[in-house]
Amino acid sequence: MHLAYPAVLAALLFCTGLYGVLARRNAILVLMSVELMLNAVNLNLVAFDVWLRDALHAGQALTLFTIAIAAAEIGIGLAIVLMVYRNRGTSDVDRLRDTAEGHEPAANNQSEVTA
């Protein structure tokens, strides 16, 4: 098998994940897109390991390490998203970003001024 086939597939997976991270508003979909990007990296690691015929199979070992890190990342990420959803009632990334920067809705600011 040529190296180009898995490399092109990995590039497509990575670009799909990158689009999902940049365009999605839901935090869970952003986490799924990050997982797509990590899977593209894993595919490249295994493909280049086979192509280079590494005796130690370092690419495959690094892939297993990456899978373990990704599993921990998705577990912690989902726990954070669930806690934010319980506290705020939304998992919309834009609303969470506005809240973190200290931007309050205009209606709340006017009521504080008049009180």
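Predicted model: local features only at pLDDT ≥ 70, side-chain atom pairs only at ≥ 80, totals over all residues.
Start with the helices. Helix 1 covers residues 4–23 and helix 2 covers residues 27–52. Their axes lie 8 Å apart, and the packing angle is about 160 degrees. Angles over 145 degrees count as roughly antiparallel, so helix 1 is roughly antiparallel to helix 2. The crossing of helix 1 past helix 2 is left-handed.

Which residues make the contact? On helix 1 they are Pro6, Ala7, Leu9, Ala10, Leu13, Phe14, Thr16, Gly17, Leu18, Gly20 and Val21. Helix 2 contributes Val30, Ser33, Val34, Leu36, Met37, Ala40, Leu43, Asn44 and Ala47. Sorted by class, that contact between helix 1 and helix 2 has 15 nonpolar residues, five polar ones and no charged ones.

Next, the aromatics. There is one aromatic pair in the structure. The ring centres of Phe48 and Trp51 are 6.1 Å apart, and the ring planes stand at 85 degrees. Planes over 60 degrees apart count as edge-to-face, so that is the class of the Phe48 and Trp51 pair. Both residues sit in helix 2, and because they are three residues apart, about one helical turn separates Phe48 from Trp51. Phe48 has a relative accessible area of 35%, so it is partly exposed.

Last, Thr66. This residue is in helix 3, residues 58–88. Is Thr66 buried or exposed? Its relative accessible area is 15%, and the cut-off for buried is under 20%, so Thr66 is buried. Setting aside neighbours within four places in sequence, Thr66 is in contact with Leu38, Asn42 and Leu45.

How values were computed. Residues numbered from 1 in each chain as written. Heavy atoms only, no water. Axes fitted to C-alpha atoms, helices over the stretch in contact; angles between N-to-C directions. Helix = DSSP H or I, 4+ residues; strand = E, 2+ residues; numbered from the N terminus. Parallel < 35°, antiparallel > 145°, perpendicular 65-115°, else oblique. Left-handed = near helix turned anticlockwise from the far one by under 90°. Contact = heavy atoms within 4.5 Å. Nonpolar A, V, L, I, M, F, W, Y, C, P; charged D, E, K, R; others polar. Phe/Tyr/Trp six-rings, centres within 6.5 Å; stacked < 30°, edge-to-face > 60°. Buried < 20%, exposed > 50% of the residue type's maximum accessible area, 1.4 Å probe, protein only.
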